[in-house]
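Please look at the sequence and the structure shown here before reading on.

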Amino acid sequence: MTRTESEAFTVNSDWELVSQGAEAKLWKIPAGSLFDVPCIAKERFSKAYRHPALDEKLTKQRCRAESRILTKCMEKGIPVPRVLRTDAPVLYLEYIDAPTVREYLESDLLLALTNTAQNASQHDKLQQLALAFGQMVAALHNMGIVHGDLTTSNAMIRLPEMTLVAIDFGLAKNTTSTEERAVDLYVLERALSSTHPKLPDDFWTLLLTSYRAAAEKAEATLSRLEQVQIRGRKRECFG
């Protein structure tokens with residue numbers, strides 16, 4: 001057993017560290033260790049630059065906020081990991097046995113596009129993926145939730161049905177702000193262009209078409225997105 005930064009959180013020897021980001025560690029826990037099913041423990045870090053009392057309060061608040069948003073999504077039928085237990089600053093989540101969209105793209109679709117014989121079939125899958133992504137984002141926005149970090153690493157894909165599962169709601173918030181929804185989409189656009197430069201030109205267009213059809217306030221959001229994009233281009237040009 002190893003005690004981690006979370007004082008009351010102890011890691012067993014059969015737990016696997018699957019990722020470590022700026023905000024948290026993710027541990028894969030086998031079935032039978034804590035629950036009857038395999039799960040993920042999301043352990044939020046303490047921040048040394050903050051006052052200890054404030055740090056503990058903020059870390060626990062963000063853990064509980066993420067748990068509430070995930071539960072809200074689950075209740076409304078949006079595919080997300082099920083919350084098994086909240087023991088702030090640790091969140092225990094259902095383990096999703098599926099690749100991330102990024103892994104799926106990099107291991108299969110985009111590589112296969114270089115093969116002319118497979119091009120039509122793979123492009124059709126990319127179109128399905130773009131439509132599914134737009135629907136997923138619209139579903140979140142319709143509930144008054146912005147994800148805050150929409151990337152292909154923060155969505156998993158269940159195959160062969162092409163169902164997307166949104167993950168990592170650490171920066172998510174409840175809001176009805178048009179600006180926040182537009183920025184959510186802009187973050188996704190930038191992530192797609194920087195991470196997957198080989199995506200077909202129509203991927204983003206199809207994603208927005210799907211979003212427009214499913215989002216309740218699509219016109220206002222997409223109009224604001226154009227303004228956000230202009231501001232982003234100006235920052236790139238002038239710093």
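The model is a predicted one.

| Helix | Residues | Number of residues | Distance between end C-alpha atoms | Expected span |
|---|---|---|---|---|
| α5 | 202-214 | 13 residues | 18 Å | 18 Å |

After α1 comes Gly-77, which has a positive phi near 85°.

Helix α5 likewise reaches a length close to that expected. The buried residues in α5 are Phe-203, Trp-204, Leu-207, Leu-208, Ser-210 and Tyr-211. These residues lie on the same side of α5, because they cover an arc of only 160° around the axis. In general, residues three or four places apart point the same way, because an α-helix has 3.6 residues a turn.

Helix α4, residues 178-195, packs with α5 at an angle of about 155°, and the two axes are 11 Å apart. The angle is over 145 degrees, and α4 and α5 are therefore roughly antiparallel to each other. The crossing of α4 past α5 is right-handed. On the α4 side, Arg-181, Leu-185, Leu-188, Glu-189 and Leu-192 take part in the contact; they meet Phe-203, Trp-204, Leu-207 and Tyr-211 of α5. Phe-203, Trp-204, Leu-207 and Tyr-211 are also among the buried residues of α5.

Conventions. Residues numbered from 1 in each chain as written. Predicted model: local features only at pLDDT ≥ 70, side-chain atom pairs only at ≥ 80, totals over all residues. Heavy atoms only, no water. Helix = DSSP H or I, 4+ residues; strand = E, 2+ residues; numbered from the N terminus. Expected span 1.5 Å × (residues − 1). Buried < 20%, exposed > 50% of the residue type's maximum accessible area, 1.4 Å probe, protein only. Arc of directions from axis to C-beta. Axes fitted to C-alpha atoms, helices over the stretch in contact; angles between N-to-C directions. Parallel < 35°, antiparallel > 145°, perpendicular 65-115°, else oblique. Left-handed = near helix turned anticlockwise from the far one by under 90°. Contact = heavy atoms within 4.5 Å.
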